[in-house]
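This briefing is meant for a reader who is meeting the structure here and would like a guided first look. Please keep the sequence and the 3D view at hand while reading.

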Amino acid sequence: MPIAIEKSSGCLSFVRRKGVRVPYTEAQLERMLMQFDGDRDGRLSKQDLTKALESLGSSFPAWRVWRALCHADEDGDGYISKDELNSLVKYIVKQGYDVSKWGGF
Ligand SMILES: [Ca+2]
Ligand SMILES: [Ca+2]
């Protein structure tokens, strides 16, 4: 299992596989993620992200959220803003989550 260390954040990243096939475009996935913006402030907080990852059937969502934030929260404010959403989508796809669970939106 190749292990890459993120340059900026120092997060450990376990890359399981590449090129997971996803039946959605990144733009669609970004819109799906924003469905979890419970307070509609235009960014995803830890609570919003927890709900999003729980809906994918993720175990230990708190840990996954920390990892996702570590990866995608480029300015380190603890929120995923619109600018950072694309990094989050790429991260979720790379982790091999079954995003078709969001297909009902
Ligand atoms: Ca929010
Ligand atoms: Ca941020």
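Helices (H or I, at least four residues) and strands (E, at least two) are taken here as DSSP runs, numbered from the N terminus. This is a predicted model, in which local features need pLDDT of at least 70 and side-chain atom pairs count only at pLDDT 80 or more, while totals for chains, interfaces and linings use all residues. Residues are numbered from 1 along each chain as its sequence is written, and chains are lettered from A and ligands numbered from 1 in the order in which they are written.

**Overall make-up**

- The chain holds four helices and two strands, and from the N terminus on these elements follow one another as β-β-α-α-α-α.
- Of its 105 residues, 23% count as buried, where buried stands for 20 or more other C-beta atoms within 10 Å of a residue's own, exposed for 12 or fewer, and partly exposed for what lies in between, with C-beta atoms placed from the backbone.
- Among contacts in the chain with a separation of 6 or more, 48% are between residues 24 or more positions apart; two residues are in contact if their C-beta atoms, placed from the backbone, lie within 7 Å.

**The UniProt annotation**

- An unreviewed UniProt entry lists "domain: EF-hand" for residues 24-59 and 64-95; its positions are given in the numbering used here, feature names are shortened, and annotations may be inferred rather than shown by experiment.
- Residues 24-59 are 53% helix and 0% strand, with their end C-alpha atoms 23 Å apart.
- Residues 64-95 are 69% helix and 0% strand, and here the end C-alpha atoms lie 10 Å apart.

**Helices H1 and H4**

- The axes of H1 (residues 26-34) and H4 (residues 82-94) come within 9 Å and cross at roughly 105°, the axes being lines fitted to C-alpha atoms, for helices over the stretch in contact, and the angles running from 0 to 180 degrees between N-to-C directions.
- H1 and H4 are therefore roughly perpendicular to each other, a label for angles of 65 to 115 degrees, whereas angles under 35 count as roughly parallel, over 145 as roughly antiparallel and the rest as oblique.
- On the H1 side the meeting residues are Glu26, Leu29, Glu30 and Leu33, and on the H4 side they are Leu85, Asn86, Leu88 and Val89.
- The residues of this contact divide into five nonpolar, one polar and two charged, with Ala, Val, Leu, Ile, Met, Phe, Trp, Tyr, Cys and Pro counted as nonpolar, Asp, Glu, Lys and Arg as charged, and the others, Gly among them, as polar.

**Helix H2**

- In H2 (residues 46-55), the residues Asp48, Leu49, Ala52 and Leu53 are buried.
- These four cover an arc of only 125° around the axis, which puts them on the same side of H2; the arc is that of the directions from the helix axis to the C-beta atoms.
- The buried residues of H2 pack against H1 and helix H3 (61-72).
- Gln47, also found in H2, is exposed, with 12 other C-beta atoms within 10 Å.

**Positive phi angles**

- Most residues other than glycine have a negative phi.
- Arg40, in the loop between H1 and H2, has a positive phi of about 55° although it is not a glycine, and Arg40 is exposed, with 7 other C-beta atoms within 10 Å.
- Phe60, in the loop between H2 and H3, likewise is not a glycine and has a positive phi of about 50°.
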